[in-house]
Amino acid sequence: MKKNLRFLSALLISKTAMLTQKLFGMNASYFPGKLAIKLCPDFLGQIDKPDTIISVTGTNGKTTVCNMIIDALTANGFDVLNNRAGSNINAGIASALIGGSTVTGKAKKSIAVFEIDERSSKLIYPYIKPTYAVCTNLFRDSIHRNAHAEFIFRIISDSLPSESHLILNADDLISAGLAPENKRTYFSIAPMNTDLPESINIINDMRICPKCHHTLAYRYVRYHHIGNAYCPSCGFASPESDYIAMPDFEKHTLLIRHTAEEECYPLITNSIFNIYNQLTAIALLREFGLSVNQVQAAFSKLAIVESRYSCETVGSTQVITHMAKGQNPIACSCVFDYVRKEKGQKEIILMLDDVFDRVNSSEIMTWIYDADFEFLNEESIRRIIISGVRCEDYKLRLLMTGIPEERLICVPKEIDAPDSLSLFGTDKIFILHELYAAKEAMNVRDKTVALLKNKAERREG
Amino acid sequence: MDKSKKPIIVESLFPEIANLFGDRMNIHYLKECAAEAEFIDTSLTDPPVFLSREVSMIYMGPMTESQQALAIDALKPHKEKLVELIGRGCVFLLTGNAMEVFEAYIENEDGSRVEGLGIFPQHAKRDMLHRYNSLILGEYEGIRLVGFKAQFSHTYGDNSGQYFYKVIRGCGIHPSSMLEGLKENHFFGTYTVGPFLLLNPLFVKYLLSLLGIEKPVLAHEETIMASYRKRLAEFENEKLKY
């Protein structure tokens, strides 16, 4: 696209803004791009782009997959432009491109990997035409922004450029149907002994056949609608996969059948969610053109950073903080499932209030009735301390799972929650906190650790 | 069980699609409050139970826009029966955009229309580019009602003779209306989600009495009332942002 004076002015001003922000030690991953688009609405169209663009979108796992792809490409000598330092909306993409361009708007790098917010697809794809477009999965998310999975599907599907080669999850019948005319490569995980015959989650947004609307039958289910399904009425079914993964948890390997060959990679995680993330990245890297050896070598050095998790041990008790993304029923259900499967006697501190809503308004709580709080109805979970303004709402939700009332304690202030822990005979204390309550969760953890230490000292004394 | 009493049958329509925003829990909560009632789920491909048995209540929750068309297609052959049931005082509770299925039509942004059941003369308009999120406070027969709205569409047309409840704060069937929902006899349609019954225990008691339960008892009464009172106090605070 020809560059006009307006674009060049916007580029110069936004580059100056970026430099100024960096001089002051600020994160320049959003404002320069926002400014550039404000000054020149088709800025993304006029700026030169790298020859190869890889986009990654989806409800869950896009940041993890993006990081894996960037790290693997970098390990193989590629210099990759990316937006992992900041925003994944159009302003973030613009900021990344501003940082990766010359003063005349020429791209300095030949490859870019961009994480893209699902809802921003329609603002980004008219200008950014990914060579490869990856979608991890599509689920219900925030009721405010994302409404429902069909709405997000439609936004992405209608926006994707026809020339983009799609990398899709065959085990997710929602995202598997994106932009049906596009070239596509599917990946899936072969049947596992932990598979279920049907979904046990409250949310399954793929219950009926998209063609004839009869009830779908599942050959196996991993979680929610993730699995392999078919329609007994019309024959519609999950697509055939180009990359079929078989994880071996004892050997820590991920065997992948691709065409007629079998490829073996180091398995860098034991969680099903992250196996899907690793598989997504491998399918993309192989389609991009990396050899098996190159991908193997990259994954032998990769690790998934668990920045949303911490564990401290006091005596025989572990104090574990774990982020449980509020307003996102899928993310919370996954965390609840993880907690119930952990061995030992457990106590939980819940601190899931939306920290912004409770200051500015009153939180819309519908999502707690989509989340599988039923997973917390376990004998091994001896006490749940529900903290925050909305504690009565959570208590009601937990009572509806059948948890006896004597196991539930409401505490309006989060920092007071540790005082209600039993601590006796408890192997693990889980502090499950909302995304933006991480700092408060650390305070709650420190207080819990102090209480445990005091108890140990008293016993010794 | 007193055999002279009419059995209470609650039919949930199309739970495989009409289940957004946690609203299926309206029925789960009713089950906990009305152990004597029979609860039946009817899928899109099943004949509705209200055709063959005398149901006391019909429930349908919010769904996606394309699924609204499926619900309309499934119910259209039974429009006359539905009109008869409304006239006879059968309880209907429709939450979220389920209410629009019973309206004349749903208009898309491009002017195209999805014909509804036409049981109510009002119509809905979609605006998929602008999601409407809000809190709502209202009153029905002396019961203060609270809830949330999260929707792409609004209903238009005069509902002054057929509204469910008066809005105190927030908006009714469209942003300029202070009359929420549609009501006819014991038909209650509302955009309010929450789930509506879990946010409004006093209305649950009223609903249970409509179903013929003489001394309604709320499940988890102390907790649900504490939750309701706290939210009501917040919603009645003039400083609260809606």
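## Exercises on a predicted two-chain model

Of the 461 residues of chain A, 49% count as buried. Keep in mind that this is a predicted model. Let's work through it together.

**Exercise 1.** Find out how the radius of gyration of chain A compares with the globule rule.

*Solution.* Start with the make-up of the chain: chain A holds 13 helices and 17 strands. For the outline, the C-alpha atoms of chain A fill a box of roughly 75 × 60 × 40 Å along the principal axes. Finally, look at the contacts between residues at least 6 apart in sequence: in chain A, 71% of them join residues at least 24 apart.

**Exercise 2.** Work out the strand order of the 6-stranded open sheet in chain A, and name its edge strands.

*Solution.* A reminder first: strands of a sheet pair through backbone hydrogen bonds, either parallel or antiparallel. Here the order in chain A is S12-S13-S17-S14-S15-S16, with mixed pairing. Now go to the ends: strand S12 (309-314) and strand S16 (408-411) of chain A each pair on one side only, which marks them as the edge strands. On average, neighbouring strands of this sheet are turned by 15° against each other, direction ignored.

Zoom in on one pair. Strand S14 (residues 346-351) and strand S15 (residues 381-387) of chain A run parallel and are joined by 5 bridges. A:Glu347 stands opposite A:Arg383 in S15(A).

**Exercise 3.** Describe the side of chain B that touches chain A.

*Solution.* Count the residues: the contact takes 35 from chain B and 25 from chain A. Among the elements of chain B that give two or more residues are helix H1 (25-33), strand S8 (132-140) and helix H6 (221-236). H6(B) gives the most, with 8 residues. Sorted by type, the residues on this side of chain B are 18 nonpolar, 11 polar and 6 charged.

Notes. Residues are numbered from 1 along each chain as its sequence is written. Chains are lettered from A and ligands numbered from 1 in the order in which they are written. This is a predicted model: local features need pLDDT of at least 70, side-chain atom pairs count only at pLDDT 80 or more; totals for chains, interfaces and linings use all residues. Two strands pair if DSSP finds at least two bridges between them. Helices (H or I, at least four residues) and strands (E, at least two) are DSSP runs, numbered from the N terminus. Axes are lines fitted to C-alpha atoms, for helices over the stretch in contact, and angles run from 0 to 180 degrees between N-to-C directions. The radius of gyration is taken over C-alpha atoms; the globule rule is 2.2 Å times the number of residues to the power 0.38. A residue is buried if 20 or more other C-beta atoms lie within 10 Å of its own, exposed if 12 or fewer, and partly exposed in between; C-beta atoms are placed from the backbone. Two residues are in contact if their C-beta atoms, placed from the backbone, lie within 7 Å. Ala, Val, Leu, Ile, Met, Phe, Trp, Tyr, Cys and Pro count as nonpolar, Asp, Glu, Lys and Arg as charged, and the others, Gly among them, as polar.
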